[in-house]
Amino acid sequence: MMEQIMYKADRSLVAARPNDDSDTNEPHDMQLPRLVATNTLPFRRTIRRTELRQIVPLADTTIYDMERRGEFPRRFNLTARCVVWDLTEVEAWLDARRQASDSAQLKRAPSPDVRQRKHRPVKAKPLS
């Protein structure tokens, strides 16, 4: 089944081969195209708010507060109504946060004292 599936690029290579009736697997003198993997894009990618929400699971107000304090990459306006973030800056921020979390540099928020609640106070356990 898998041998019957032939992709479009493979079909063009088969069509480019000389049509001889030999069943041998001898290599032909045809040059195959080489695909070069590049890790860097030739342009800087920007993301809008909806994409940022998918990448960074924080509320908008939290992101805006962190931007104001200088703890998150700043957004910039492309037009009067279009705000974007630089994707490389956001990914670098995520990597830095991961490293800080792994090295225990980020302090966790303390658990709230539930005994101080005004509504639904915690009942004291009876002494046995």
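## Core, sheet and confidence in a predicted model

The largest nonpolar core has eleven residues: Ile 47, Leu 52, Val 56, Ile 63, Met 66, Phe 72, Val 83, Trp 85, Leu 87, Val 90 and Trp 93. Helix α3, strand β3 and helix α4 each supply at least two residues of this core. Helix α4 gives the largest share, three residues. The model is predicted.

**Overall layout**

The protein chain has four helices and three strands. Along the sequence they follow the pattern α-β-α-α-β-β-α. Of the 128 residues in the protein chain, 13% are buried. Take the contacts between residues at least 6 apart in sequence: 39% of these join residues at least 24 apart.

Mean pLDDT for the protein chain is 76. A value of 70 or more is reached by 66% of the residues. Residues 6-18 stay under 50 in pLDDT. For that stretch the model has nine contacts beyond four places in sequence. Where pLDDT is low, the predicted coordinates should not be read in detail.

**The sheet**

The three strands form an open sheet in the order β1-β3-β2, with antiparallel pairing. Strands β1 and β2 stand at the edges with a single partner strand each, so one side of each has no neighbour in the sheet.

| Strand pair | Sense | Bridges |
|---|---|---|
| β1 (residues 46-47) and β3 | antiparallel | two bridges |
| β2 (residues 76-77) and β3 | antiparallel | two bridges |

Facing residues can be named for both pairings. Ile 47 stands opposite Trp 85 in β3. Phe 76 stands opposite Val 84 in β3. Strands β2 and β3 also form a hairpin, with five residues between them.

Now look along strand β3, residues 83-86. In a regular strand the side chains alternate between the two faces of the sheet. Here Val 83 and Trp 85 point one way, while Val 84 and Asp 86 point the other way. All of these residues are buried. Val 83 and Trp 85 are both among the members of the largest nonpolar core.

Helix α4 lies across β1 and β3. Its direction is at about 55 degrees to β3.

**An aromatic pair**

The count of aromatic pairs comes to one. Phe 72 and Trp 93 form this pair, which is edge-to-face. The ring centres are 4.7 Å apart, with 70 degrees between the planes. Phe 72 lies in the loop between α3 (60-69) and β2, and Trp 93 lies in helix α4 (residues 87-102), so the pair ties together parts that are 21 residues apart in sequence. Both Phe 72 and Trp 93 are buried. Both also belong to the largest nonpolar core.

**Ile 63 and its contacts**

Which residues does Ile 63 touch, not counting residues up to four places away in sequence? They are Leu 52, Val 56, Leu 58 and Phe 72. Leu 52, Val 56 and Phe 72 are listed with Ile 63 in the largest nonpolar core.

Is Asp 86 buried or exposed? Asp 86 is buried, with a relative accessible area of 3%. Its place is in strand β3. Leaving aside neighbours within four places in sequence, Asp 86 is in contact with Arg 44, Arg 45 and Phe 76. Phe 76 is also the residue that stands opposite Val 84 in β3.

Glu 51 lies in helix α2, residues 49-55. Glu 51 is partly exposed, because its relative accessible area of 28% falls between the 20% limit for buried and the 50% limit for exposed. Beyond neighbours within four places in sequence, Glu 51 is in contact with Arg 45 and Thr 46. Glu 51 and Leu 87 are 36 residues apart in sequence. In space they are 9.7 Å apart, C-alpha to C-alpha. Leu 87 is one of the residues in the largest nonpolar core.

Key: Residues numbered from 1 in each chain as written. Predicted model: local features only at pLDDT ≥ 70, side-chain atom pairs only at ≥ 80, totals over all residues. Heavy atoms only, no water. Buried < 20%, exposed > 50% of the residue type's maximum accessible area, 1.4 Å probe, protein only. Pairing = 2+ DSSP bridges. Phe/Tyr/Trp six-rings, centres within 6.5 Å; stacked < 30°, edge-to-face > 60°. pLDDT = per-residue confidence, 0-100. Contact = heavy atoms within 4.5 Å. Core = buried A, V, L, I, M, F, W, Y, C linked by side-chain atoms within 4.5 Å. Axes fitted to C-alpha atoms, helices over the stretch in contact; angles between N-to-C directions.
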